[in-house]
Amino acid sequence: MSGANIFSDSFSAFGVQCDVVLPGMEAEQAKALMQLIKNVVSRVELSVSNKEMIAEILQVNQTKKNEWIKPSGEFWDLLTICFDFYQMSNGALDITFTPLFDAWKSGNDLNETEIAKIRHKCGFDKVELDEERKRFRFLEEAMKLDFALFQKAYVLDILKQELLRNEVESCIVSFDEDEVLALGQHPGGDEWPLGVRNIENPDEFLHVFLVKDMFVVTAGTYCLNWEKGASECRLVLSPETGKPVNLKKTVSVKAESALLAAFVANSWLILPDNDKEIIADQLHNVEIFEAEYLSNDLATKHTIIAENENNEE
C-alpha cells in the first residue's frame, strides 16, 4: 500500500472529535464510507448519548419509578451489556451512578450522610430487566443512566463489522485517541502503531501498541485536553466510598472487542488487585498498560494476557 491515497476526515461525536483515516482508497469510495461511519455514530448518539438534546436516554432518565420503558434495540443491547459488566465487576462499574456523579460535579464536598442518601437512587440492582419483552423499569425514584464509559466502544464494535462487510482492508477510527479501532494494516505494510501519551508531556509516548483488527481503549482519572495542551482531572468515583478517586492514573487496553477493552480499562482504574486477578483469569489476547503519575515519579506496568498465560513487566 506504499504510496497509496490516504483519505482522512474528522467530525464531532459524543462531545469529542472523531478522526477517520482510510488508506488506499479513491475519494468517492472513501466519502461514501465516511458517510456510513457518520450515520452509524449518529444513530447510536441519538439513542444513548447525554450530549444529544433529543436523545432517547434523556427521555428515559425522566421516567418515574415502576414505569416500564421499551427502549430501541441498540439501547437495550448496550443496557444489557452494561448489566453484564456490572456483574463481572461485582458492582464496581455501574451506569446508574449518575445522580452521585452529578452531585460531585456540582462542586459540593459531600459528607457520608449525603453520599448515602444519593446512593439510595443508584444501583443496577434497582433496575428490573424484562428479558422476554426487552423492557426495563426503575425501582426507585429519580434514577438515571449514563453510558459514557461504554458508548463509544459500542459504536466502534459496530463500525468494525460494518467496515468489514464493506470489504474495507485498512482503516483508523479514533475518538480523541482514547478509543481507537485499527483495522487491517498500516500503509507501510505492518500493524498500526498506537501510542500511549504521557499526559504530563504529550509529545512523549510511554508505550506503543502494535494493532491489527483490534482496539485500544484508554481510561484515566486524568486526560489530555487538546485545546489547552495540558492534562485535566476526570471524575472517577470509588465504588466502595462513593468519593472521587484520588490518584493520577491511566490504563490503556488492547483487545479484540472495544467494549471488552473499555471494561478492562475502567475496571483496572478502581478495582483492588485481587478482583483484577479474578477478571484476568477470564481474559485472553488482551494487553494492558498502566501508568500512575506520582509526585516525583512515574510508575508503569505492562501486562500481556495470552490464551493461557499472564506476563507482566
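**Entry: two asparagines**

I began with asparagine 285, which sits in the loop between α8 (273-280) and β13. I am working from a predicted model. The phi of asparagine 285 is near 55 degrees, a positive value in a residue other than glycine. I noted that because most residues other than glycine have a negative phi. Is asparagine 285 buried, exposed or partly exposed? At 34% relative accessibility I put asparagine 285 down as partly exposed.

I then looked up asparagine 90. Asparagine 90 is not a glycine either, yet has a positive phi of about 60 degrees. I found asparagine 90 in the loop between α3 (73-88) and α4 (98-105). Asparagine 90 counts as exposed, at 68% relative accessibility.

I went back to helix α8, where I found glutamate 277. Its relative accessible area is 53%, so glutamate 277 is exposed. I checked glutamate 277 against leucine 58, which is 219 residues away along the chain. Their C-alpha atoms are separated by 36 Å.

**Entry: salt bridges**

Side chains of opposite charge can pair when their charged atoms come close. How many salt bridges does a search of the whole structure find? I noted 13.

I looked up arginine 135. Arginine 135 forms a salt bridge with aspartate 130, and the closest N and O atoms are 2.9 Å apart. Aspartate 130 has a relative accessible area of 15%, so I wrote it down as buried. Arginine 135 also lies over the face of tryptophan 68, at 4.0 Å from the ring centre.

Next came lysine 152 and its salt bridge with glutamate 179, with the closest N and O atoms 3.5 Å apart. This pair links distant parts of the chain, 27 residues apart. Lysine 152 is in helix α6 (residues 151-165), and glutamate 179 is in strand β6 (residues 179-184). I marked lysine 152 as buried, and glutamate 179 as well.

I then took glutamate 287 and lysine 254, whose side chains meet in a salt bridge at 3.5 Å, N to O. Glutamate 287 belongs to strand β13 (residues 286-293) and lysine 254 to strand β12 (residues 249-255). The two residues are 33 apart, and the pair links distant parts of the chain. Glutamate 287 counts as buried at 11% relative accessibility. Lysine 254 is buried too, with a relative accessible area of 12%. I also noted a network: salt bridges that share partners join Lys249, Asp273, Lys276 and Glu290.

**Entry: cysteines**

I searched the whole structure for disulfides and found zero. Cysteine 82 is in no disulfide, and the nearest cysteine sulfur, that of cysteine 122, is 15 Å away. Cysteine 82 counts as buried, at 1% relative accessibility.

The cut-off for a disulfide is sulfur atoms within 2.5 Å. Cysteine 171 is buried, with a relative accessible area of 0%.

**Entry: aromatic rings**

I counted nine aromatic pairs in the structure. In one of them, phenylalanine 75 and phenylalanine 136 have ring centres 6.1 Å apart and planes at 10 degrees, so the pair is stacked. Phenylalanine 75 lies in helix α3 and phenylalanine 136 in strand β4 (residues 135-138), so the pair ties together parts that are 61 residues apart in sequence. Phenylalanine 75 and phenylalanine 136 are both buried.

Phenylalanine 85 and phenylalanine 150 have ring centres 5.0 Å apart and planes at 45 degrees, so I logged the pair as tilted. Phenylalanine 85 is in helix α3, and phenylalanine 150 is in the loop between β4 and α6. They are 65 residues apart, and the pair links distant parts of the chain. Both residues, phenylalanine 85 and phenylalanine 150, are buried. I also found a cluster, in which ring pairs link Phe75, Phe136, Phe138 and Phe147.

**Entry: a surface patch**

Last, I looked at the surface. Which residues form a nonpolar patch there? Leu46, Met53 and Ile54 do, with about 360 Å² of accessible area together. I placed methionine 53 in the loop between α1 (27-48) and α2 (56-60). Methionine 53 is exposed, with a relative accessible area of 72%.

Key
Residues are numbered from 1 along each chain as its sequence is written. This is a predicted model: local features need pLDDT of at least 70, side-chain atom pairs count only at pLDDT 80 or more; totals for chains, interfaces and linings use all residues. Side-chain values use heavy atoms; hydrogens and water are left out. Patches are made of residues with over 30% relative accessible area and no salt bridge: like charges are joined within 9 Å, nonpolar side chains (Val, Leu, Ile, Met, Phe, Trp, Tyr) within 5 Å. Accessible areas come from the Shrake-Rupley method with a 1.4 Å probe; for residues, only the protein chains shown count as cover. A salt bridge is a side-chain nitrogen of Lys or Arg within 4 Å of a carboxyl oxygen of Asp or Glu. Helices (H or I, at least four residues) and strands (E, at least two) are DSSP runs, numbered from the N terminus. Buried means under 20% relative accessible area, exposed over 50%, partly exposed in between (1.4 Å probe, protein chains only). Rings of Phe, Tyr and Trp (its six-membered ring) pair if their centres lie within 6.5 Å; planes under 30 degrees apart count as stacked, over 60 as edge-to-face and the rest as tilted. A charge sits over a ring if NZ of Lys or CZ of Arg is within 6 Å of the ring centre and within 35 degrees of the ring normal.
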